[in-house]
Amino acid sequence: TKARKQAALRFEQDVCEQLTFMDMPHVKLAVSIEPTALTAIGGDKVEFLISSNPGEPPKSIAKTASGGELSRTMLAIKSVLADADDIDTLVYDEIDAGVSGKTARKLGIELMRSARGTQVLCVTHSAQIASLADTHFLIAKKDVNGVTETGIHPLDQEGRIGEISRILGGIEVTDAQKNAAIDMIERKEI
């Protein structure tokens, strides 16, 4: 219990630092450690509490966080724990849920940082995140004789530009979308 409480203080600080970077500047994360019946993993009930807005006390993440807040909190927690854990691969399925624009780009930057020491696989519909990938695959469904099949196709540089342009929107890909996609791919700021 004593070790958990000491680790919790550092954990709270590190996660809040990550969340502040990902556009949650007023976030407060608290680790609640309450006594419970003794089990093989100890005698503590541990719960993560969060407050995203000033003046609100931290409450259970499961009950109060929006989709975007949950996405960012999960990424922050995994990023903080990745250095202390022996995780070889992290998989994020639509980490961009509930976020857009600048915040999505910051999530992409954090994913890129995580990928320095861990393999990161990310399914995304965000051009801001996809443009920061080292390798890009297109997952597409098609009808084959009345049966839906899903294919995964590696994209070369031209394919990446085309797919990121398509994600940016519109029925037809425009030169402006292509130029924006090229700019996003070339600018991998951290």
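# Reading strands, a helix and rings

Mentor: Let's start with a sheet: an open one of 3 strands, in the order β1-β2-β3, with antiparallel pairing. Keep in mind that we are looking at a predicted model.

Trainee: Which strands stand at the edges of that sheet?

Mentor: β1 (28-39) and β3 (59-60) do; each has a single partner strand, so one side of each is left without a neighbour in the sheet.

Trainee: What holds strands together, and how many bridges join β2 to β3?

Mentor: In general, strands of a sheet pair through backbone hydrogen bonds, either parallel or antiparallel. Here 2 bridges join β2 to β3, and I50 has K59 as its bridge partner in β3.

Trainee: Now a helix, please. How do I read the sides of α7?

Mentor: The general idea is that an α-helix has 3.6 residues a turn, so residues three or four places apart point the same way. In α7, the buried residues are Q177, A181, M184 and I185. Seen down the axis of α7, they fall within an arc of 95°, so they line one face of the helix.

Trainee: Which exposed residues does the face turned away carry?

Mentor: D175, A176, N179 and E186. As for the buried residues of α7, what covers them includes α4 (101-114), α5 (127-130) and α6 (157-168).

Trainee: How can I check the length of α7?

Mentor: At 1.5 Å a residue, the 12 residues of α7 (residues 175-186) should span 16 Å, and the end C-alpha atoms are 16 Å apart, which agrees.

Trainee: Last topic: rings. How many aromatic pairs does the structure hold?

Mentor: It holds 1. The ring centres of F11 and F48 are 5.3 Å apart and the planes stand at 25°, so the pair is stacked; the cut-off for stacked is under 30 degrees. F11 lies in helix α1 (residues 2-21) and F48 in strand β2 (residues 42-51), so the pair ties together parts 37 residues apart in sequence.

Trainee: Is F11 buried or exposed?

Mentor: F11 counts as buried, at 12% relative accessibility, while F48, at 31%, counts as partly exposed.

Trainee: And which charged end sits over the ring of F21, 4.7 Å from its centre?

Mentor: That of R113. The charged end of K106 also sits over the ring of F21, 5.4 Å from its centre.

How values were computed:
Residues numbered from 1 in each chain as written. Predicted model: local features only at pLDDT ≥ 70, side-chain atom pairs only at ≥ 80, totals over all residues. Heavy atoms only, no water. Phe/Tyr/Trp six-rings, centres within 6.5 Å; stacked < 30°, edge-to-face > 60°. Helix = DSSP H or I, 4+ residues; strand = E, 2+ residues; numbered from the N terminus. Buried < 20%, exposed > 50% of the residue type's maximum accessible area, 1.4 Å probe, protein only. Lys NZ or Arg CZ within 6 Å of the ring centre and 35° of its normal. Expected span 1.5 Å × (residues − 1). Arc of directions from axis to C-beta. Contact = heavy atoms within 4.5 Å. Pairing = 2+ DSSP bridges.
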